[in-house]
Amino acid sequence: MTLDETQSSELETTIPAQPQNRDALGQVCYVLHFLPLIFIVSGWLSPWRGLLIFYLAFLPVIFLQWKLNRGACVLNHIESLIRTGRWRNPSNREEGAWLRTLVNDKTGWNLSRTSMDIFINSMLAIFWCLAFSRLRGWL
């Protein structure tokens, strides 16, 4: 057996080709991730001033919670706490990478953590600027 054969077989056993089926808790947590994602992507379109103000505070809170949790989401941590009794679960492939694993599973794009963080932070900044512009009446 060559070194290349060994490396590829080890890699294949480490990363599943298809995501594993989710149990009920996993499915609920997976769906719950979409609610803030939908709000983040579309909240700047709100016609209500109060919601725009909330949105302008919400985006920095999302960014801060991500940074304070060392690149992981509170929702993943809550799921880990329910499952294992610990705040972090290193065996959860989505912890700190929910959107990245979603993109990888759906498109096959294997983005690095750094490139995904740059994309996410850029989008947060763009959406925040759009909401601020709408609040000021510039859009």
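Phe132 is partly exposed, with a relative accessible area of 29%, where partly exposed denotes the range between buried (under 20%) and exposed (over 50%), computed with a 1.4 Å probe on protein chains only. The model is predicted, so local features need pLDDT of at least 70 and side-chain atom pairs pLDDT 80 or more, whereas totals for chains, interfaces and linings use all residues. Residues are numbered from 1 along each chain as its sequence is written, and side-chain values use heavy atoms, without hydrogens and water.

The protein chain contains 6 helices and 0 strands, these being DSSP runs (H or I, at least four residues; E, at least two) numbered from the N terminus. Of its 139 residues, 29% are buried.

The structure holds 7 aromatic pairs; rings of Phe, Tyr and Trp (its six-membered ring) pair if their centres lie within 6.5 Å, with planes under 30 degrees apart counted as stacked, over 60 as edge-to-face and the rest as tilted. The ring centres of Phe39 and Phe58 are 5.2 Å apart and the planes stand at 70°, so this pair is edge-to-face. It links distant parts of the chain, since Phe39 belongs to helix α2 (residues 24-42) and Phe58 to helix α3 (residues 49-68), 19 residues apart. Both Phe39 and Phe58 are buried. Together with Phe54 and Tyr55, Phe39 and Phe58 form one aromatic cluster.

Trp128 and Phe132 form a stacked pair, 5.4 Å centre to centre with 5° between the planes. Both lie in helix α6 (residues 113-136), 4 residues apart, about one turn of the helix. Trp128 is partly exposed, at a relative accessible area of 31%.
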